[in-house]
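Subject: Structure handover

Hello,

Here is the structure I promised to pass on. Please open it first, then read my notes below.

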Amino acid sequence: MKNRLKVLRAERDWTQADLAQRLDVSRQTVNAIEKGKYDPSLPLAFRIAQVFGMAIEAIFDPTPNPDDRL
Amino acid sequence: MNSTDPSLRSPGSSQQRDCRNQKLVLLWSFLWALSFLAVAQGIKREWLSSGVVTFAAVAGSAILGIATVLAYRRFLEETDELRRKIEVEALAVAFGVGMVGGLSYWLLVISGAASETGYAYVFSATIFTHPICVLIGRRRYA
């Protein structure tokens, strides 16, 4: 699943640690989501949407990442 | 970063909670391992005089073991979701190693191809599989 997390974070001048603190997750989780290695749970996706003040579908795109492995 | 931002959670709360829970798991694990070794030595060297004392010592050790399981369960419930995924994947592999390794070795024992003393190695392999898989998982998602 593709996402715009890195772009949205950069627009707000937040570090991964800043975003992780806002979401109450580890920096590793934010990094893994940004790289497309990990798809967040629905509650976390809602929290991300809330933090950025956007709809989930404006942040996440269900199109498979080219790097996604089976 | 604006510290008055309402979306900002308490600083380092996730890490602090994980750290506290991990310390509790380690503490209970250490106490359980210590009690297990003490009871094992007590039985082997016949320090435990009667059946009642032995039963009480084994029950005490088992209670510490249950406390370890509950502490680990709490850690899993409260930890970050990626960490939980890594831990659960590691548990699945460790369980598989224990089951497949243990039952395969049992077949070797009943066939006479291996001795019962080798169960300790299978047990050790199961114990060490979990932390190794956690490290591999952390690298995979880094």
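The contact between the two chains draws 14 residues from chain B and 14 residues from chain A. On the chain B side, helix H1 (13-44) and helix H3 (81-111) are the elements that give two or more residues. That side of chain B divides into six nonpolar, four polar and four charged residues. Bear in mind that this is a predicted model.

Next, the core. In soluble globular proteins, nonpolar side chains tend to be buried together. Here the largest nonpolar core has 15 residues. Ala20(A), Leu23(A), Val30(A) and Ile33(A) touch the most other members. Chain A supplies at least two residues of this core from each of helix H2 (16-23), helix H3 (27-34) and helix H4 (42-52). H3 of chain B also supplies at least two.

Leaving aside residues up to four places away in sequence, Ile33(A) touches Asn3(A), Leu5(A), Tyr38(A) and Pro40(A).

Now the helix packing in chain A. Two packed helices are described by the angle between their axes and the distance between the axes. H2(A) and H3(A) pack at an angle of about 110 degrees, and their axes are 8 Å apart. Angles of 65 to 115 degrees count as roughly perpendicular, so H2(A) is roughly perpendicular to H3(A). From H2(A), the residues involved are Gln16(A), Ala17(A), Leu19(A) and Ala20(A). They meet Arg27(A), Thr29(A), Val30(A) and Asn31(A) in H3(A). By type, the residues of this contact are four nonpolar, three polar and one charged. Ala20(A) and Val30(A) take part in this contact, and both are also among the core residues that touch the most other members.

Finally, chain B as a whole. It has four helices and zero strands. From the N terminus on, the order is α-α-α-α. How does the radius of gyration of chain B stand against that of a compact globule of 142 residues? Chain B has 20 Å, whereas such a globule would have a value near 14 Å. Along the principal axes, the C-alpha atoms of chain B fill a box of roughly 65 × 35 × 15 Å. Of its 142 residues, 11% count as buried. Among contacts in chain B between residues at least 6 apart in sequence, 74% join residues at least 24 apart.

Best wishes

Technical notes: Residues numbered from 1 in each chain as written. Chains lettered and ligands numbered in written order. Predicted model: local features only at pLDDT ≥ 70, side-chain atom pairs only at ≥ 80, totals over all residues. Contact = placed C-beta atoms within 7 Å. Nonpolar A, V, L, I, M, F, W, Y, C, P; charged D, E, K, R; others polar. Core = buried A, V, L, I, M, F, W, Y, C linked by C-beta atoms within 7 Å. Buried ≥ 20, exposed ≤ 12 C-beta atoms within 10 Å, placed from the backbone. Axes fitted to C-alpha atoms, helices over the stretch in contact; angles between N-to-C directions. Parallel < 35°, antiparallel > 145°, perpendicular 65-115°, else oblique. Rg over C-alpha atoms; globule rule 2.2 N^0.38 Å.
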